[in-house]
Amino acid sequence: PHPHINLATVTWLFDGAINHRDSLGTASTIRPGTVNLMTAGSGIVHSERSPDDERKGGARMFGMQTWLALPDGREEIDPAFEAITELPLIEDGRATAIVIMGELGGSRAETTTYADTIYAEIVLGAGGAIPLEEDADERAVMLVGGEASVDGHVLKEFELAVLQPGRDMTLESKSGARVMLLGGEAFETKRHAWWN
């Protein structure tokens, strides 16, 4: 078990499972297709472990855990935890997007947001493309599988590519890809992480 304060964590798995337990009394198994939002706020303690059956079979894990800064004046809100399984799915031929948090293409996830947020998993088939609209102050993409480009700029796997603000762009793939889209409103004060 370890503590967090003044932030929220979002866990999204592509493969595997995690048993989450926390000081609120939550016990939840995180699996692909479920977004888990843990709001630390004024303070929470949690543990994350591979379930016993996963460890016996040779635990595998592939996913993302994103740390979210809480907005000015809300850093010390009450801690909370939620697991959301009913998430909007946007399908358009060779492109599919799961809206994890916030709104994309007119579809909004039920996941709690503390600021204007967009977080989505985008899966592109061969020749697939999806518009990346300029409706967030800050946006970035991360290629987590396959190959893809944004307006002709090739993405590198597991590298955060910050997108130019105020411009519509197109995410596309010739052979197929999995890409995470994340962003939201810019905060007025600078943030930093001081960890261990």
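This is a predicted model: local features need pLDDT of at least 70, side-chain atom pairs count only at pLDDT 80 or more; totals for chains, interfaces and linings use all residues.
Me: How are the planes of Phe62 and Phe158 arranged as a pair?
Reply: The structure holds two aromatic pairs. In the pair of Phe62 and Phe158, the ring centres are 6.4 Å apart and the planes stand at 85 degrees. Planes over 60 degrees apart count as edge-to-face, so the arrangement of Phe62 and Phe158 is edge-to-face.

Me: How many residues apart in sequence are the parts that the pair of Phe62 and Phe158 ties together?
Reply: Phe62 belongs to strand β7, which covers residues 61–69. Phe158 sits in the loop between β16 (153–154) and β17 (160–162). The pair therefore ties together parts whose separation in sequence is 96 residues.

Me: Is Phe158 buried, exposed or partly exposed?
Reply: The relative accessible area of Phe158 is 48%. The range for partly exposed residues lies between the buried limit of 20% and the exposed limit of 50%. Phe158 therefore counts as partly exposed.

Me: Is Glu121 buried or exposed?
Reply: Glu121 is located in strand β12, residues 117–124. Its relative accessible area is 6%, and the limit for buried residues is under 20%. Glu121 is therefore buried.

Me: Which side chain is joined to that of Glu121 by a polar contact of 2.7 Å?
Reply: Leaving out residues up to four places away in sequence, Glu121 touches several residues, including Phe14, Thr96, Ile98, Arg178 and Met180. Another residue in this set has a side chain joined to that of Glu121 by a polar contact of 2.7 Å. That side chain belongs to Trp12.

Me: What is the bridge partner of Leu132 in β18?
Reply: β13 and β18 (residues 169–172) run antiparallel and are joined by four bridges. Within β18, the bridge partner of Leu132 is Met169.

Me: Which element gives the most to the largest nonpolar core?
Reply: This core has 42 residues, and Leu132, Val141 and Leu171 touch the most other members. Among the elements that give two or more residues to it are β2 (7–16), β5 (35–39), β14 (138–146) and β19 (177–184). The most, six residues, comes from β10.

Me: How many residues are in the second, separate core?
Reply: Among the members of this separate core are Met38, Ala40, Ile44 and Phe81. The number of residues in this second core is five.

Me: Which side chain makes a polar contact of 2.9 Å with the side chain of Thr11?
Reply: Thr11 is part of strand β2 and, at 5% relative accessibility, counts as buried. Setting aside neighbours within four places in sequence, Thr11 is in contact with residues including Ile18, Ile30, Val35, Glu48 and Met64. The polar contact of 2.9 Å is with the side chain of Gln65.

Me: How far apart in space are Thr11 and Val35, C-alpha to C-alpha?
Reply: Thr11 and Val35 are in contact, and in sequence they are 24 residues apart. In space, their C-alpha to C-alpha distance is 6.0 Å.

Methods:
Residues are numbered from 1 along each chain as its sequence is written. Side-chain values use heavy atoms; hydrogens and water are left out. Rings of Phe, Tyr and Trp (its six-membered ring) pair if their centres lie within 6.5 Å; planes under 30 degrees apart count as stacked, over 60 as edge-to-face and the rest as tilted. Buried means under 20% relative accessible area, exposed over 50%, partly exposed in between (1.4 Å probe, protein chains only). A polar contact is a pair of N or O atoms within 3.5 Å; within protein, one must be able to donate a hydrogen and the other to accept it, and residues adjacent in sequence count only if both atoms are side-chain atoms. Contact means heavy atoms within 4.5 Å. Two strands pair if DSSP finds at least two bridges between them. A nonpolar core is a set of buried Ala, Val, Leu, Ile, Met, Phe, Trp, Tyr and Cys residues joined through side-chain atoms within 4.5 Å.
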